[in-house]
Amino acid sequence: MSENRPEKKKKQPLSDRRKFILGMARSVGIATLGGFVWSAYVDEVTASQLLLRPPGAIEEEDFLKTCIKCGMCVEACPYDTLLLAKPGDHKPLGTPYFVPREIPCYMCPDIPCVPVCPTGALDEPSVTTDGKLDINIADMGLAVVDEESCIAFWGIQCDACYRACPILGQAITIEYQKNERTGKHAYMKPIVHADACTGCGMCERACVTEKPAIFILPRETAMGKAGDYYIKGWDKEDEKRLENAGEIKTTTDLSRQSASDKLNSDFLEDLY
Amino acid sequence: MKTLWNNYRYLILRRFTQIGILVLYFGANAWGWTILMGNLSSSLLFNMIPMSDPYAALQMLAAGAVMATDLLIGVAVVSLFYLLIGGRAFCSWVCPVNMITDLANFLRAKIGLNQVQGIKQPASRKLRYWVLALSLIISAFMGVTAFEFISPISMVHRGLVFGLGFGWAAMLIIFLFDLFVLKNGWCGHICPLGGFYSLLGKFSLIRVHHNEENCTLCMKCKVVCPENQVLHMIGKESLPVLSGECTNCARCIEVCDDDALGFSIKSLIKNKTTGE
């Protein structure tokens, strides 16, 4: 700053123009600094997390901008399933979530948490079939079985998750398989069906192992994606997806030249 | 007793509304009361009237969220309410942070920090408008409601209703900041919600009115006012306080022994020409 320079003459007071420019520069500087720190913090706390949202929640990215954090859904929940993220929970602050191992979603038929949402972050149409609320089409996540720690996969009889499932016989089924080790028993393996599972977490709550062997993950995390290039050829419906498939061209060192060129090149000779 | 009431009547009423609103919210969450549900971000009055924070809605708009009808009605209700009774009436009559900063300010005066640090404030009160603008810019760029994720106001009211977590740290930071760093630091300089309501409050009808003829220039009002730049007319002109930054907390009215200050309703036609 000019005023700090040693000057022989008596210090000149800053002109209004200089003061204004200095003031503006200072404000812009502070705003930029603050803005970057603020943005970085917001980016960090809203980074995609393994977070289970109430039924009817719209996609996480839209949820974060639409949820006003009023807690109406939390108040509406009769089972105290839903929580509002507090400072220290390491979740996007003030947004609703639930931890199924502690309290799962009991899938109330009247879904009290959804219609109270003032902003549409919990979307009523997404849990409505034929004009009626339908909790069975909710999608809070997907149950995943860890076959290593699930005792049913060891051959020990347990169907706790199967029994706990509110969509009994559809979201989880039991698959029988001969136990070759004993030769006279059966494995009764729980199999989760992604099309029926709502991610309510009753199975995770019921699981008897120390740390649940069946647990809910956000569908986005739990599932892979085959893409449009792999089609169930035996399924007419599935073939429609081919229409979306575009062309992917992969170029490698070998494929850069055409096949005939390749064969007639010195390349093969080099190999021998 | 009579003088006590006279000197603190508005303060007592403000604490009553501030705490009362929190109690109603708390009761809704804990015991299922239906008088006032939700929290200060968005709530439902008598199970019927939606009320939503217009500043939060503005951030949602900047972030590119789809605005639901209930939300827009709620925003309209709150905006109209504060347009009538004074934008920053929220700050002094509703916001729970006000109780923290008032306590800091009270202690500040008690232990004589104001004399030590002098009258010149090291920061501009315009800062809040910068923070306000910044919050909208960040909301737009990041696609989230930027201030809502760091708002100590939300942490406090949400914390008191739904569970505090580390929210006490936010309370402590604001308290210490206001006590030791900057007089009226949070509410009077930084808070973008206060800045937002300042802008909204420019148009509000209920105003503090100064009657210069009664004024004895004791300046008690300026000492007690958390936004004393709005009282520039004291002892000079009979004017209403027109700045939106006035929180309508009415502390100035209480401390005035000479009946030179009082609430009045702004006349819509007159104020444009004479400011009366």
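Domain bounds, as used here, come from an automatic or database domain assignment. On that basis chain A is divided into domain 1, covering 43-138, and domain 2, covering 141-222, and the centres of these two domains, taken over C-alpha atoms, are separated by 25 Å. The structure is a predicted model, in which local features need pLDDT of at least 70 and side-chain atom pairs count only at pLDDT 80 or more, while totals for chains, interfaces and linings use all residues. Residues are numbered from 1 along each chain as its sequence is written, and chains are lettered from A and ligands numbered from 1 in the order in which they are written.

Where the domains of chain A touch, domain 1 contributes 10 residues and domain 2 contributes 15 residues, two residues being in contact if their C-beta atoms, placed from the backbone, lie within 7 Å. The side belonging to domain 1 has eight nonpolar residues, one polar and one charged; Ala, Val, Leu, Ile, Met, Phe, Trp, Tyr, Cys and Pro count as nonpolar, Asp, Glu, Lys and Arg as charged, and the others, Gly among them, as polar.

Between the chains, the contact takes 47 residues from chain B and 34 residues from chain A. On the side of chain B, these comprise 28 nonpolar, 16 polar and three charged residues.

Residues of the contact between H5(B) and H9(B) include Leu103(B) of H5(B) and Phe175(B) of H9(B), and they divide into nine nonpolar, two polar and two charged.

Definitions and conventions: Helices (H or I, at least four residues) and strands (E, at least two) are DSSP runs, numbered from the N terminus.
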